[in-house]
Amino acid sequence: MPAGADYARNGGGVKATSPKGSTAEQVDRELARAALQKRQAGQLPTQRELSALRRIEESRDRELRERHYAAVPKRDYCRLAGRQVKVVNEQADRYGLPLRGESIDLGNALRAFHDLLAEHGRKILAVPEEDPDADGLKALRREKALLARYERQEREGELLPRADVHQFLTALAARINQCGELLQRHFGAEALEILNEAIADVERLVQQKYGG
């Protein structure tokens, strides 16, 4: 589905922060609506219209992410944490973490977790090597170092967030589909077939390099 399809079905708008929204938001909505209408008509939107559409889509995606983060289903949290529900509930009670209930506010959980680290982190790292939990602490330190490296790579542009890459590829695929329709309309089915073969070759290369 082309990027912006949900936006078009919703009348070309998103929920504003105020009843009328700011002038800039109104302008973006109008420009984004014009971009979608041109795409549907097989025309090329202007750069300004595309930028407005991208801002609208990014705002919508950010709102959806924040809404999901605020109520992550318990089963999803446990799967990501690699822990059973019973273990998560026990840790919630033992350490005072907001992990009880059918859903979890991920922001609250992360803040509580980091508050716990800030308060007791030095004690954890000061455990003697002969302590029975020493292996677990070593693993925790390795994980911490790995996360720090990933964060540095992301800041330096060497590592891209998966969601951003997916959003970019979705928009790219929509544009390629539009080009294919124009090629078929002006040059016939053979031109479209050549484009589809090239796309299939790219997909095979991606699968070989990066898997699913």
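Author: Helices (H or I, at least four residues) and strands (E, at least two) are DSSP runs, numbered from the N terminus. The chain has nine helices and two strands, in the order α-α-α-β-α-α-β-α-α-α-α from the N terminus on. This is a predicted model, in which local features need pLDDT of at least 70, side-chain atom pairs count only at pLDDT 80 or more, and totals for chains, interfaces and linings use all residues. Residues are numbered from 1 along each chain as its sequence is written, and side-chain values use heavy atoms, with hydrogens and water left out.

Reader: What share of the 212 residues is buried?

Author: Buried means under 20% relative accessible area, exposed over 50%, and partly exposed in between (1.4 Å probe, protein chains only). Buried residues account for 21% of the 212 in the chain.

Reader: How many disulfides does the structure hold?

Author: A disulfide is a covalent bond between the sulfur atoms of two cysteines. The criterion here is a pair of cysteine sulfur atoms within 2.5 Å, and the structure holds zero. Cys 78 is buried, at 6% relative accessible area, whereas Cys 179 is partly exposed, at 30%.

Reader: Where is the kink in helix α6 centred?

Author: The bend at a residue is the angle between axes fitted to the seven residues ending there and the seven starting there. In helix α6 (residues 106–125), a kink of about 55° is centred on Glu 119.

Reader: Which residues of α6 are buried, and what do they pack against?

Author: They are Ala 109, Ala 112 and Gly 121. These buried residues pack against β2 (103–104), where contact means heavy atoms within 4.5 Å.
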